[in-house]
Amino acid sequence: GFEMAIATSQLTVAQLDVVTVPAGKQYAILNILVCNNSGSAATFDLHFIPDGDSLNTNVNRVVNSVTVDAGDTFVWGTDNRIMLSAGDTVTFTASSNALSATVSWIE
């Protein structure tokens with residue numbers, strides 16, 4: 001059967017790997033929510049980084065400096081699932097620690 005799960009994190013200015021696929025697994029990313037918990041706008045980048053690669057804005061950034069207004073939530077979802085293999089990561093950087101991210105997937 002399928003396993004479904006979520007991961008939640010408070011984003012940081014430094015690179016934060018929110019989901020790393022374990023050995024022997026494959027994940028289909030279902031959606032990503034980024035909530036602004038502060039009174040002012042904040043921005044974030046989203047990267048899907050293949051196993052063995054490093055964060056590189058010219059290669060693996062898929063969302064670039066999206067602004068999330070105070071109290072709002074950014075919703076990322078698609079009918080075409082992103083498939084990740086062992087060692088791949090869902091990674092964020094943010095303009096502040098005001099943002100929280102939730103990533104959901106099925107195995």
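Reader: Is Phe 48 buried or exposed?
Author: Phe 48 is buried, as its relative accessibility is 12%. Buried denotes a relative accessible area under 20%, exposed over 50%, and partly exposed the range in between, with a 1.4 Å probe and protein chains only.

Reader: What kind of model is this?
Author: This is a predicted model, in which local features need pLDDT of at least 70 and side-chain atom pairs count only at pLDDT 80 or more, while totals for chains, interfaces and linings use all residues. Residues are numbered from 1 along each chain as its sequence is written, and side-chain values use heavy atoms, leaving out hydrogens and water.

Reader: In what order do the strands of the open sheet run?
Author: The order is β2-β7-β4-β5, four strands with antiparallel pairing. At its edges lie β2 (16-20) and β5 (61-68), each of which pairs on one side only. Neighbouring strands in this sheet are turned by 20° against each other on average, direction ignored. Strands are DSSP runs of E with at least two residues, numbered from the N terminus, and two of them pair if DSSP finds at least two bridges between them.

Reader: How many bridges join β4 to β7?
Author: Six bridges join β4 (residues 42-49) to β7 (residues 89-94), and the two strands run antiparallel. Phe 44 stands opposite Ala 94 in β7.

Reader: Changing topic, how many aromatic pairs are found in the whole structure?
Author: The search finds four. In one of them, Phe 44 and Phe 92 have ring centres 6.0 Å apart and planes at 50°, so this pair is tilted. It links distant parts of the chain, with Phe 44 in β4 and Phe 92 in β7, 48 residues apart. Phe 44 is buried at a relative accessible area of 1%, and Phe 92 is buried at 0%. Phe 48 and Trp 76 also form a tilted pair, 5.7 Å centre to centre with 55° between the planes. Here Phe 48 lies in β4 and Trp 76 in β6 (residues 73-85), 28 residues apart.

Reader: Which cut-offs define such a pair?
Author: Rings of Phe, Tyr and Trp (its six-membered ring) pair if their centres lie within 6.5 Å; planes under 30 degrees apart count as stacked, over 60 as edge-to-face, and the rest as tilted.

Reader: Which residues is Arg 81 in contact with, neighbours within four places aside?
Author: Arg 81 is in contact (heavy atoms within 4.5 Å) with Ala 28, Ile 29 and Leu 30. Arg 81 lies in β6 and is partly exposed at 40% relative accessibility.

How values were computed. Axes fitted to C-alpha atoms, helices over the stretch in contact; angles between N-to-C directions.
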